Amino acid sequence: MDQGFFLLFAAVAVITALTVVLARNPVHSALALMACFLQVSAIFVLLEAPLLAVIQIFVYIGAIMVLFLFVIMMIDVREAVLQRFLPGGNLPALILLVLLGVEMLVLVLWSDRFSVVEPVAMGGGDDVRQLGTALFADYLLPFETASVILLAALVGAIMLARKEQG
């Protein structure tokens, strides 16, 4: 049953990742990327790694995708779409994509690392407590410094995106 759910989540993740690349509208690409991140977090839940699943949702879907959507809404998308593709440049990229896909498929099929194995049981909730203690006790200054830098970047992006008055 777990393998069926894994295959379902993996297939949807691949489809949404292809939608990210193939969608012409940048907002649709960003929403497909959010769906792909959600599928990856579901795979983390199947792997019995709930902390990684929650971090995936909070950090990637909650924070980074909001910034992506903010940037997409602030730039002039019509002008960027005209400069996005060079004429005749899609064929070499498509050939490279097919070659890399075949290589990945061959490596996955020949590898014995993808056999069905039971997951190893972890230590439980104590690992999360140790991570939280280390983050907020030992590394509090770097954590707060990173949050101030992100706040400054957000304020700078708002100032750059704001239209000049007058």
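Biologist: Is Gln 39 buried or exposed, and what is its relative accessible area?

Modeller: The general idea is a cut-off: buried means under 20% relative accessible area, exposed over 50%, and partly exposed in between, with a 1.4 Å probe and protein chains only. Gln 39 has a relative accessible area of 15%, so it counts as buried. This is a predicted model, in which local features need pLDDT of at least 70 and side-chain atom pairs count only at pLDDT 80 or more, while totals for chains, interfaces and linings use all residues. Residues are numbered from 1 along each chain as its sequence is written, and side-chain values use heavy atoms, leaving out hydrogens and water.

Biologist: Where does Gln 39 lie, and which residues does it touch?

Modeller: Gln 39 belongs to helix α2, residues 26-46; helices are DSSP runs (H or I, at least four residues) and strands likewise (E, at least two), numbered from the N terminus. A contact means heavy atoms within 4.5 Å. Setting aside residues up to four places away in sequence, Gln 39 touches Phe 9, Val 12 and Ala 13. The C-alpha atom of Gln 39 is also 9.2 Å from that of Leu 8, although the two are 31 residues apart along the chain.

Biologist: How many helices and strands does the protein chain have?

Modeller: The protein chain has seven helices and zero strands. Of its 166 residues, 11% are buried. Among contacts with a separation of 6 or more, 59% join residues 24 or more positions apart.

Biologist: What is the phi of Glu 48?

Modeller: Most residues other than glycine have a negative phi. Glu 48, which is not a glycine, has a positive phi of about 60°. Glu 48 sits in the loop between α2 and α3, and its relative accessible area of 56% is why it is called exposed.

Biologist: Which residues of α3 are buried?

Modeller: Ala 53, Gln 56, Ile 61, Met 65 and Ile 72 are buried in α3. Gln 56 is placed there because its relative accessibility is 8%. Leaving out residues up to four places away in sequence, Gln 56 touches Phe 37, Val 40, Ser 41, Phe 44 and Ile 61.

Biologist: Which residues make the nonpolar surface patch?

Modeller: Patch residues have over 30% relative accessible area and no salt bridge; like charges are joined within 9 Å, and nonpolar side chains (Val, Leu, Ile, Met, Phe, Trp, Tyr) within 5 Å. A salt bridge is a side-chain nitrogen of Lys or Arg within 4 Å of a carboxyl oxygen of Asp or Glu. Here the nonpolar patch covers about 900 Å², and its residues include Leu 38, Phe 58, Tyr 60, Val 128 and Leu 131. Its largest share, eight residues, comes from α3. Tyr 60 lies in α3, and its relative accessibility of 34% is why it counts as partly exposed.

Definitions and conventions:
Accessible areas come from the Shrake-Rupley method with a 1.4 Å probe; for residues, only the protein chains shown count as cover.
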